[in-house]
Every structure is written in structure tokens, then in C-alpha cells.
Amino acid sequence: MAQGPKECRVKCVLRAMDEAYARLLQSDSKSLLKKYLTQEMYNELKEKRTPTFGSTLLDCIQSGLMNLDSGIGIYAPDPEAYAVFAPLFDAIIQDYHLGFSPAQTHPPLEWGELTAFQNLDPENKYIISTRVRCGRSIEGYPFNPCMTEDHYKEIEQKMTNAFQGLGGELSGTYRPLTKMPKCEQERLIDDHYLFKEGDRFLKAAKACRFWPVGRGIFLNKDKTFLTWVNEEDHLRMISMEPGGDLGNVYRRMIEGVNAIQQQVNFSRSERFGFLTFCPTNLGTTIRASVHIKVPKLSADKEKMKSVAETHHLQVRGTRGEHTESEEGIYDISNKRRLGLTEFQALKEMQEGILEIIKIEQSL
Ligand code: ADP
Ligand code: CIR
């Protein structure tokens, strides 16, 4: 029987994926995608689809196939992808989150005692600024690749209403990108407040469709509490300020998250905690970072890498992921976010940064 146009399209897509996968195998890519997607696993998963949205393996791995310099290379196009493509996601999750096994369950939310956190650099010698962020997906909506233009607009409208409920230190203004001049966007990006546009990893994962519709940023008056709307995740809630007062930054983020949570419901999974588009952000979704200058330690790249690894830290460049250090400033944060509580993630970061400062002082 002759094949219909749909079957032909499916075959074409599968052939293109086979070719891209073969290129990944031949490449020297260091991505976790290349490390774990064996030919056998690829054959097992290549024709599967998620039940509700029909997402495919290609939707999960497209970014890593197109960007061979990916660190991870995979996104979940919708929440069901974590289960349907579990052999691949589980292996990558276990590696990235330092041992979170398929048998494990993420613990319940626990912000913990604020008194456990301190100013990491009271004399302002090393730390330029401190930032803690978390991501949230809003219940009832899929992730970027499966979102319609109306979904983006609905989430933005929900959040515009929610932001009006923020008072005191948290009160501020929501700024949609559709109404923000480019030069202002660039200034906010340069000052580390706003997400950048056109990230090629996200673009390849179909996360930038309808841009800039539904995208925007909420900023409180002091620019110390922010929320990104509809970038990589539906929400990224961020607290940041100059200096090293981790306790104060964490306190503000918790207050912001609790206030927003009274107005919108977040998606949470039994096994993975808070759900996110990228598997590296699952669980607590917390990334607590400092912008820090440690010139003696950073002069020895291998040593810096090994100290970071020992303390479960991740080192990024000055303008965030996939950027280089500028003027000796590094972004150092906790690496794992899944399989430990919010409190433990913060503690891990605090202990690691204190140790890095100690090492710098000893050199
Ligand atoms: P995310 O933290 O949301 O995963 P990025 O690594 O892309 O994303 O960083 C987003 C922005 O936050 C970048 O502009 C980055 O420089 C900024 N940033 C990260 N940590 C800090 C910090 N401690 N102080 C100031 N800006 C920071
Ligand atoms: C990559 O694979 O490099 C990008 N898709 C970004 C992955 C998220 N990065 C991370 O380490 N948290």
C-alpha cells in the first residue's frame, strides 16, 4: 500500500535523526547525551512518543544533536518525557545530580533555618554579588516546545495579576519584552538582571517560538527580587544583591516564592520534586551563586576545577552559562539540585564557597 504524507514525514524525520545521531557518535562531544545515548538505547527509544503531546526522542535530544558543545544536550519537551524516555533521562540525571538513582525520590520542600547562613565575605574582599534562583512550572501547562502562543499569553497574564499582590520589599513592576526597547533589554542583560535572547541551545530545543510574546521580567524597586517569565521555564524567581550576604539573599527569595505561590499553583512530581524543562534543574531547582574574584586560585585552572568538583560546585563565566570569565570574575554555584533539600543545597554552596575563599587566602 502506498504511504501517506504523514508516514513519509515520519520516515524523513527518523532518517534525519539517524544521521544527526551518527554525527554525534563520531564527534568528540563531551555532552552527557553522547555519554549515555548508546546505539542500543537509541534504537529502543527512537520511535516512542509521549501520550498527551506526542513528543518524540528528537524533541528531547535535538539541542544536543545540533550543539555538539552542549554540556548536557537534552531537555524534556513535556513532563511525560521524563517517564517515556526514562532510560536516557535517568542516566543523565544520575550523572549530573551526583548519584540520584532511579530508585530514589526527591525529599519534600524544606527551606530550613535561615540562621544557618551567613555573609560569606564580610570584608568584601572576594565576592562581588550573590544570587539565588529557583525555577517553577505552572500547573496545567506543558513546557516550551508544546506551548501555544495563547499559553504564553495566559501565563504572562496570570503572572501580571500575581505580581500585583507583592508588597513591601517585593513590590515592583512587570516589564513585558514586547514593550521594552532593545537598548533597555541590552542594559538589563549587561547588568545581569535579564535573560539573553536567542540562546542557541534553547532555540534548538524549540523553546524560543513566538519570541518575545509572553516573555518578560518583574523587578522590585531595588532590583533585588526578580522573576523571569516564560524564558527556559515558566518562572525563574531570583534574589540578588551586591556583596556576600547569602542569608539575606536566600531569605528574600523564599519570601518572594511564598508570596507568588499563594496565587499560582506549581507543578511538582512525586519523584523529581519541582518540574523543569532541563533535567539539570529538577528537584529544588535552586542555583545559589556568587560572582567572585579569586585570582590566585583561578590562575591554576586545573586546581580550580578540582576544588569545585570536590565541593560539588559548578563554575560558569561572568555572563552565565556558556560564557567566559571577564576581569577575573567567575560565577560559582551549587551543582546538584535534586535528591537533597533546599536547605542542603544552600549549605553545600555555602561550605564550598567558604572553602574556596580559604584556599585563595592560603595561596
Ligand atoms: P541561571 O542562573 O538562570 O541558570 P545563567 O547562568 O544564564 O542562568 O545566568 C543568568 C544571569 O545571572 C547572567 O547574567 C549571570 O551573569 C547572572 N548571575 C549569576 N550569578 C550571579 C551573581 N552571583 N551575581 C550577579 N549576577 C549573577
Ligand atoms: C547544555 O547542554 O549545555 C545546555 N542545554 C544547558 C544545560 C543546562 N546546564 C546546566 O549545567 N545546568
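A residue counts as near a molecule if one of its heavy atoms lies within 4 Å of it. Keep that in mind while you click around; the model you have open is predicted.

**First stop: ligand 1.** Select ligand 1 and bring up its surroundings: 18 residues sit around it, and the closest are Ser 129, Arg 131, His 192, Ser 289 and Arg 316. Now show side chains. A polar atom in the side chain of Arg 316 is 2.6 Å from a ligand 1 oxygen. Next, pick His 192, where an N or O atom of the side chain lies 2.7 Å from an oxygen atom of ligand 1. Then try Arg 236, whose side chain has an N or O atom 2.9 Å from a ligand 1 oxygen. How much of ligand 1's 560 Å² of accessible area does the protein cover? The protein covers 93% of it. Switch to cartoon view and look for strand S1 (127–136), strand S5 (235–242) and strand S8 (287–293), the elements that each give two or more residues to this shell. Color the shell by class and you'll get eight charged, seven polar and three nonpolar residues.

**Second stop: ligand 2.** Gly 71 has a backbone N or O atom 2.7 Å from a ligand 2 oxygen, Ile 72 has a polar backbone atom 2.8 Å from one, and for Gly 73 the backbone distance is 2.9 Å. The protein covers 94% of ligand 2's 340 Å² of accessible area.

Key:
Residues are numbered from 1 along each chain as its sequence is written. Chains are lettered from A and ligands numbered from 1 in the order in which they are written. This is a predicted model: local features need pLDDT of at least 70, side-chain atom pairs count only at pLDDT 80 or more; totals for chains, interfaces and linings use all residues. Side-chain values use heavy atoms; hydrogens and water are left out. A polar contact is a pair of N or O atoms within 3.5 Å; within protein, one must be able to donate a hydrogen and the other to accept it, and residues adjacent in sequence count only if both atoms are side-chain atoms. Accessible areas come from the Shrake-Rupley method with a 1.4 Å probe; for residues, only the protein chains shown count as cover. Helices (H or I, at least four residues) and strands (E, at least two) are DSSP runs, numbered from the N terminus. Ala, Val, Leu, Ile, Met, Phe, Trp, Tyr, Cys and Pro count as nonpolar, Asp, Glu, Lys and Arg as charged, and the others, Gly among them, as polar.
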